[in-house]
There are 2 protein chains.
Amino acid sequence: MTVAERKPDKTLEAEMRALGQAARAASFVLARAKPEQRSAALRHAAAAIRARHGDILEANRRDMELAQNDKPSAAMIDRLMLDDRRIEAMAHGLDEVAALPDPVGTILAEWTRPNGLVISRVRVPLGVIGIIYESRPNVTADAGGLCIRSGNAVILRAGSESFHSSRAIGECLEQGLAEAGLPKHAVQLVPTRSREAVGHMLAMNEFIDVIVPRGGKDLIARVQSESRLPVIAHLEGVCHVYIHAKADLEKARKIVLNAKMRRTGVCGAAETLLVDSQVAKEFLASLLSDLHNAGCEIRGDEKIRAVDKAAKPATEKDWFTEYLDAILAVKVVDGVDAAISHINHYGSHHTDAIVTEDKNVAERFLENVDSAIVLLNASTQFADGGEFGMGAEIGISTGRLPPRGPVGAEQLTSFKYVVRGDGQVRP
Amino acid sequence: MTVAERKPDKTLEAEMRALGQAARAASFVLARAKPEQRSAALRHAAAAIRARHGDILEANRRDMELAQNDKPSAAMIDRLMLDDRRIEAMAHGLDEVAALPDPVGTILAEWTRPNGLVISRVRVPLGVIGIIYESRPNVTADAGGLCIRSGNAVILRAGSESFHSSRAIGECLEQGLAEAGLPKHAVQLVPTRSREAVGHMLAMNEFIDVIVPRGGKDLIARVQSESRLPVIAHLEGVCHVYIHAKADLEKARKIVLNAKMRRTGVCGAAETLLVDSQVAKEFLASLLSDLHNAGCEIRGDEKIRAVDKAAKPATEKDWFTEYLDAILAVKVVDGVDAAISHINHYGSHHTDAIVTEDKNVAERFLENVDSAIVLLNASTQFADGGEFGMGAEIGISTGRLPPRGPVGAEQLTSFKYVVRGDGQVRP
């Protein structure tokens, strides 16, 4: 976005550092702005997206043309492509984020010490966030919007496929900031497609406080191994549904079909079904038949294939796999503890569900499955910031440290301690 | 501690991985234990330290003898040395941690969605913590105790100087765990002095969830640059006191003397004093004279040296320096904004204080100084988990992401989302 302002003789590293410095400076202003100003920036950005709708489509057309050289898959084209509906969805998303409660400055806790000191834990932005993503241009608006809401400056590194589209959207965010009287450098796009730029971002611990990678396994792996900065990583979702012996079987049927087939490409889609050995074979056969009828391939262990002749054999690798497709690995397990062990060993600590009417078994599962989200009698596809009531989300963090689970505006903040005294000194 | 159990032909890497695996397994048991069991382990460990007092002193004597080869400084000897009082302090500390509220399982928030799903955010341990420290053997008891309280397994890598002392203390923690029916591998010491072991710890992301370095700048820098794991880092404390034009000057005098001189070697000790240009010269001269009389060296800018002939000249480097000694850098600034800029530029985002009776100026300072702890009219030496009412602490995190500020048992936890439904599927 600010390419024209830079001298051509600057090296990439110097360019990236200039971006970082500008982001740091903007972050202080954005963090101290009034909540209404951040809301106004978001609404102005939404309006700019609607007004510059033609420019965005035109930029997207250029990206789509360039992408043809790489013989893209249909899925890739679908991720990259923008149309009227998707552009309006971005604008609408920004309006929604504008209406979310502003998290900055909230007092999270306050207490008085015996010596009279009053200690408050106050929510503050993280500072500068670096977001590295791939082909979906709408991430520019979604992630940029959440950063503005949470008072963070952001450096966005769009995938090279969506370079022009992301830039056109980024200009709308800049315009929204400027119209609200906020520094436009609060949202900056990396002005090059070079992969080296990512390396610089991962090392700029002076200017970037946290890195959020959004994309496939290879991107996340590169970021996690190279980063000198804290990473909020959305890893894969190898999500499980476990049907316990005391499950309500009609609930189980609805939940399994929804968890697997509602949308197969989302991180909360179920990838493995664990069926208790005490669940009736007739029910199992009819459930698997329903899945086949819905277009789902079944990969089963021996016991499953004894019930379902159409099932393919599952290998060890299947239990670790996030298909993101109409494929389900199915295994028979003996009891809740075997289910828990399987999930903790093969799963990705993302989202896992149990179907049971037995309260004790349910609590055992919910306590012992070591995942960001654990569900009782509900579909894994609820793994989503919106469904949790957080408004938008930037992803679902599968790390152990907070923020864990859906990462919305509130999760992109930290806190500081404010201590008010009247002359106290420490004995 | 478990050296004898290992085969000598194992490589260091395999040894470290075995440690990691044992820690991971123990972490599940410790996390699911009852709070009373964790309390019992801590009390038994305290009793073991008292009972094995002679063994600990003997081990410490060996460390002290070995240390003589390296011509240690007096400060180093002081850090390493244990005596009756210090051993009793460790035992007492463990008893105090045993009495702290157990953080595991607390429901942090709970809400019901329009579709009837009940979502709870529940506190859980982080998992396995790797702690890398230097010469103080008491860190073994303090850090190990906080990990037990928070339900985390821990791998402790003691400094090579305190190898035998730390081991003797570690055995007491093991004994406490065993006597409470908990796995002794919940607390393990790295059984070698090799520096390579640290490298393995920093790469074991399968088995360790977070690394906490405790020590000097070089250690922290190495950990931050090499670690593949999240780091909770306690960086240096370049702490400031700013005396505003409308300060109560008697409060200012007490606070500055306490912040600098109460203990000069702690991270919350003030290192730089900023004095508003409107503060009366006579007061300033008398304050600096009090500091000299208390044994403090003054390094001042030109305006300070005009008032205090005994002051040495401060260089640019002084403004960045954590002396941890009876030395204070002093500068005259024009107004609160200049003070804020100085602190955000030269400080370490640890702990900074303003002395003023002007409420608006105070709030401006508290909001805009970007540090983990900001204080009004109180000494920076309150930067301490105990003084905050958290019981013990493992350090003060100067990172931007949570946990920020004092890290006690509660701050060594994460959370998960537990979602309870009754058959809900996502539309």
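Q: In which loop is B:Leu324 found?
A: B:Leu324 sits in the loop of chain B between strand 10 (312–313) and strand 11 (327–333). Helices (H or I, at least four residues) and strands (E, at least two) are DSSP runs, numbered from the N terminus. This is a predicted model: local features need pLDDT of at least 70, side-chain atom pairs count only at pLDDT 80 or more, and totals for chains, interfaces and linings use all residues. Residues are numbered from 1 along each chain as its sequence is written, while chains are lettered from A and ligands numbered from 1 in the order in which they are written.

Q: Why is B:Leu324 called partly exposed?
A: B:Leu324 has 16 other C-beta atoms within 10 Å. Buried takes 20 or more other C-beta atoms within 10 Å of the residue's own, exposed 12 or fewer, and partly exposed lies in between; C-beta atoms are placed from the backbone. The count of 16 falls in between, so B:Leu324 is partly exposed.

Q: What makes A:His349 count as buried?
A: A:His349 has 21 C-beta neighbours inside 10 Å. That meets the cut-off, so A:His349 is buried. Its place is the loop between helix 13 (335–346) and strand 12 (351–355) of chain A.

Q: Which residues does a cis peptide bond join in chain A?
A: A:Pro402 and A:Pro403, with omega about -5°. A:Pro403 lies in the loop between strand 14 (396–397) and strand 15 (405–406) of chain A. Most peptide bonds are trans.
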